[in-house]
Amino acid sequence: MTDRCEMILLVQAEFDGELDAAQAASLRIHREQCSVCHAAELDLTRARELLREMPYQRTPDAIRERVVAALDVARPKPTPGSAKSRLSSRFHWWRRSTAGFGVGVACTAAVAFLVLSPAEQTLTEQVVAGHVRALQPGHLEDVLSTDEHTVKPWFDGRIDFAPPVKDLASSGFPLKGGRLDYIDGRPVAALVYQRDQHIIDLFAWPAARDAKQAPEFTDRNGYNVLHWVENNTNLWAVSDVAPDQLHKFVRDWQRSP
């Protein structure tokens, strides 16, 4: 494309799940009016589809070992704690985890991960991804307050429903604040609670009228998740607290007025 748009990089960022709720909503509106960004979205979608169709062919172990050894030699030695150091450790983990695959297939898997869109993730995966993103410094709360009467009004005009905000400090789960997130293709409320040194995110968005579901437990990548539906609201609690503690949080939340 000869024409460029300054927001085109955000299209890739959205595929990577790196945008917050406000950015994703703004990009969606922009993309509907921008042919460049719309075309970029189509290109990424086609690339993802092509990667899925690529045939598998195992690379001989001798070739794989030579390539990995060359990468180790060529890779610069980062200083401890730097961003490059963190990237290096992620690369080292990726290299070990793909040791049984051909180099071509491993590269394909890495590129496929980069263009994986939130629409292809399960709701559980989207919720866990939102929780993990929020744990990065400066992303946990948009409104920082232990007062439910401060947190709930903050959402007015930012989302199209009133989230159920409760203070569970007396149960050992104090409210820390709230933020906007983006799950299942829409802005949602994320209420932030704490249990000792652990953060519990409670995601909430409207459910079908009269829908009701008892809490269902699952886990993803070391995070525990409980999903239930009540009062026409989808509710997802996610945290790295022990399962019994997350169950207690949900029970106390349900009992609280």
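Glu6 counts as exposed, with a relative accessibility of 79%, where exposed stands for over 50% relative accessible area, buried for under 20% and partly exposed for what lies in between, computed with a 1.4 Å probe on protein chains only. Glu6 belongs to the segment before helix H1 (8-15), helices (H or I, at least four residues) and strands (E, at least two) being DSSP runs numbered from the N terminus. Between Glu6 and Cys37 there are 9.4 Å in space, C-alpha to C-alpha, although the two are 31 residues apart in sequence.

This is a predicted model, in which local features need pLDDT of at least 70 and side-chain atom pairs count only at pLDDT 80 or more, whereas totals for chains, interfaces and linings use all residues. Residues are numbered from 1 along each chain as its sequence is written, and side-chain values use heavy atoms, with hydrogens and water left out.

**The sheet and its helices**

The strands E1-E2-E3-E4-E7-E6-E5, in that order, form an open sheet of 7 strands with antiparallel pairing, two strands being paired if DSSP finds at least two bridges between them. Strand E1 (143-144) and E5 stand at the edges with a single partner strand each, so one side of each has no neighbour in the sheet. E6 and E7 run antiparallel and are joined by 7 bridges, and Trp228 is found opposite Leu235 in E7.

Helix H7 (residues 123-134) has 12 residues and should span 16 Å at 1.5 Å a residue, which agrees with the 17 Å between its end C-alpha atoms; the expected span is 1.5 Å times one less than the number of residues. Thr124, Gln126, Val127, Val128, Gly130, His131 and Ala134 are buried in H7. The buried residues of H7 pack against strand E2 (175-183), strand E4 (198-206), strand E5 (213-220), strand E6 (223-230) and strand E7 (233-239), contact meaning heavy atoms within 4.5 Å. Helix H9, for its part, lies across strand E3 (186-195), E4, E5, E6 and E7, and runs at about 25° to E6; axes here are lines fitted to C-alpha atoms, for helices over the stretch in contact, and angles between N-to-C directions run from 0 to 180 degrees.

**Salt bridges**

Side chains of opposite charge can pair when their charged atoms come close. A salt bridge is taken as a side-chain nitrogen of Lys or Arg within 4 Å of a carboxyl oxygen of Asp or Glu, and by this rule the count comes to 9 salt bridges. Three of these pairs are set out below.

| Pair | N to O distance |
|---|---|
| Arg46 and Asp43 | 2.4 Å |
| Asp201 and Arg179 | 3.0 Å |
| Asp252 and Lys248 | 2.7 Å |

Asp201 in strand E4 and Arg179 in strand E2 are 22 residues apart, so that this pair links distant parts of the chain. Both Asp201 and Arg179 are buried, and a network of salt bridges links Arg133, Arg179, Asp181 and Asp201.

Arg46 and Asp43 are 3 residues apart in helix H3 (residues 35-53), which means a separation of about one helical turn. Arg46 is partly exposed at a relative accessible area of 45%, and Asp43 is partly exposed at 35% relative accessibility.

In helix H9 (residues 243-255), Asp252 and Lys248 are 4 residues apart, which again is about one helical turn. Asp252 is buried at 12% relative accessibility, whereas Lys248 is partly exposed, its relative accessible area being 26%.
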